[in-house]
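Here are my notes on the model you sent. Please read them with the structure open.

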Amino acid sequence: MLANDNQSPLSGRSWHLTSYWTEEGEVPVIEKTDPIIAFTDAGRVSGTSGCNIFFGGHDLSGSTLRIHDIESTKMTSTPEVLDQEKVFFTLLQKTRAYTIDGDCLRLFDASGREILSFTSQTQPLQGKAWYLWSPRNDTGGAVQDPGTDQISLQFLGESQFRGTAAGTDYCGTYEASGDTIRFGPAEGWVELPEWYSSLLKQAHGYRIIGAQLDIMNENGHSIMSFTRMPPSLVSVDWYLQQHRAADGPGLLTPEGTYDLILFMPDGMITGIIHGIQLFAQYDADDSSISFGPVAMLIAEDDDPGKASESREMIESMFGEARTYWVWNGTLELSSGDGKPLVTMANTPAL
């Protein structure tokens, strides 16, 4: 949702809601819902409410700002998340002015009262390793399927980087300033896959959205996408095999044979369970995992009783998950006390 240009103070960044104001005072955002808005110089806005994706328009003149014509998808979630979404959309359309102080964006209504507060969250390059999942050429086409040759890249202090590619360790120097990046010669460079070393040499800029790092060439096209999420989760489609019963510890086999969950590299899950489309944020390391509130799309003609039961099962499944393991094509999510919640496999249930 980042804009491609950066001509106005609002565009070129994604703004994350931190708090909003009601008659009772300042209210913090519900944990892990992460409402976001992004502006373009073409007068458009887009983002997520923490449940639904939305689009709209905006008019900007000096410090005056109006946001209008908000339209959104129709997913459902918990009552608390839906209440927050309703207030968020209402306050966006009451906006009449704004201020930016560093990474903080504040929106004000016609009376000059602050109603929404955002921050532009800059994710660091340094720290956890990035894993390559999508290399592309200048026209957006795939240049290579990494397959089982896992490629990692880690940015260290003092402009050093290191990683592994096709079983080869490599390291070198880089320069990053603002949204630009350059990679210098690396030890082991000649032993890297030719297509990968070529893409590294083309690097000109970068952006981080959620758990995803995009490396861009000088034309602004993304040529490599990396993720902070474990490759074992994002590399395959996961089909439900069993899930915990609502009234006991036993595991049940789902009625549908193609209930599917995808762990996206940007830190979102999406899928369909019992005919209900869903998505949510997630965070994971080598063994622990957590999910934000689940947004769901339930068809109007679904049986209300079954839909309610399925919704409760989905909320419980992801809400209680604390650990996971992947082994031999199987993924298991477990609760904090180690009880299995759901098992999935990389092939559909027969």
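1. Start with Ser310. Its relative accessibility is 9%, so Ser310 counts as buried, the cut-off for buried being under 20%. Bear in mind that this is a predicted model.

2. Ser310 sits in helix α4, which covers residues 304-319. Which residues does Ser310 touch, leaving aside those up to four places away in sequence? They are His274 and Ile276. With His274 there is also a polar contact, side chain to side chain, at 3.0 Å.

3. What does the His16 side chain contact through polar atoms? The partner is the side chain of Asp34, at 2.8 Å.

4. Next, helix α2, residues 194-202. Its buried residues are Trp195, Tyr196, Ser197, Leu199 and Leu200. Which strands do the buried residues of α2 pack against? The list is β10 (130-135), β11 (152-155), β12 (160-165), β13 (168-177), β14 (180-187) and β17 (222-227).

5. β12 and β13 pair antiparallel, over six bridges. Ala165 faces Thr168 of β13. The two strands form a hairpin with two residues between them. In that turn, look at Ala166: its phi is positive, about 50 degrees.

6. Now follow β13 into β14. This pairing is antiparallel as well, over six bridges. Ser177 has Thr180 in β14 as its bridge partner. Again there is a hairpin with two residues between the strands. Here Gly178 has the positive phi, near 65 degrees.

7. When you inspect the strands, keep one general point in mind. Side chains in a regular strand alternate between the two faces of the sheet.

8. Last, the whole chain. How many helices and strands does the protein chain have? There are four helices and 27 strands. Of the 350 residues, 45% are buried. Among contacts with a separation of 6 or more, 49% join residues 24 or more positions apart. The accessible surface of the protein chain is about 17,400 Å², and carbon and sulfur atoms hold 49% of that surface.

Note on methods
Residues are numbered from 1 along each chain as its sequence is written. This is a predicted model: local features need pLDDT of at least 70, side-chain atom pairs count only at pLDDT 80 or more; totals for chains, interfaces and linings use all residues. Side-chain values use heavy atoms; hydrogens and water are left out. Buried means under 20% relative accessible area, exposed over 50%, partly exposed in between (1.4 Å probe, protein chains only). Contact means heavy atoms within 4.5 Å. A polar contact is a pair of N or O atoms within 3.5 Å; within protein, one must be able to donate a hydrogen and the other to accept it, and residues adjacent in sequence count only if both atoms are side-chain atoms. Two strands pair if DSSP finds at least two bridges between them. Accessible areas come from the Shrake-Rupley method with a 1.4 Å probe; for residues, only the protein chains shown count as cover.
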